Amino acid sequence: MKTIIIYTSSNNCTQRAVRELSQKLTGEVQTIDIKHSYNQNLDDFDRIVVGGSIRGQKTMHRINQFYMNYMLVLRTKEIGLFLCSSGDLVLAQEEIKFAFPEELHQLAKTEAIFTGQIDAGSMSFLKKFFIGKISGLRDKESILDQEAIDLFASQMDRTYHPFLLLI
């Protein structure tokens, strides 16, 4: 099973979540940060995981462009969706509804929110200042929700077998 994780990150939290997820998924896994141009042939992959960080009910612009450009291919694959959020989990669960179009939610095998603290050590002074004012961020540590990543990986790896429904 070949999987590609398409993501973009403005801080290390999403990048770290993708690295953790790629190690937990079975089969061959490739990760692509679409911060740079993207021109991968998605036909080579069985599963496509798409995600990024959330900012004010919008995923990053590059992720939006990706799923608009590749919607026809996404309809033919196993899809997983995730967002990284450093905020309140309940609020993030509301935000994921608006982050992706309804069609992708319907196609998704699983969805998750990977919560964690923002890694202030990787930010510029100006970004740290503004993020700190908004979220109260003071430390440089980034802690990811390992349970959410483990659950997402196991749900993506779960095989559907029609005969299991008969038991």
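Let me start with T14, which lies in helix α1, residues 12-24, where helices are DSSP runs of H or I with at least four residues and strands are runs of E with at least two, numbered from the N terminus. Because its relative accessibility is 0%, T14 counts as buried, the term standing for under 20% relative accessible area, with exposed meaning over 50% and partly exposed in between, for a 1.4 Å probe and protein chains only. Setting aside residues up to four places away in sequence, T14 touches Y7, T8, S9, G52, S53, F82 and C84, a contact being heavy atoms within 4.5 Å.

Please keep in mind that this is a predicted model, in which local features need pLDDT of at least 70 and side-chain atom pairs count only at pLDDT 80 or more, while totals for chains, interfaces and linings use all residues. Residues are numbered from 1 along each chain as its sequence is written, and side-chain values use heavy atoms, with hydrogens and water left out.

Beyond its neighbours within four places in sequence, Y38 is in contact with I4, I6, I32, F66 and Y70.

Turning to the rings, Phe, Tyr and Trp (its six-membered ring) pair if their centres lie within 6.5 Å, with planes under 30 degrees apart counted as stacked, over 60 as edge-to-face and the rest as tilted. The count comes to five aromatic pairs. One of them, Y67 with F100, is tilted, at 6.1 Å centre to centre and 50° between the planes; since Y67 lies in helix α2 and F100 in the loop between α4 and α5 (102-107), this pair ties together parts that are 33 residues apart in sequence. Both Y67 and F100 are buried.

F114 and F152 form an edge-to-face pair, 5.7 Å centre to centre with 85° between the planes. F114 lies in strand β6 and F152 in helix α7 (residues 146-157), so here the parts tied together are 38 residues apart in sequence.
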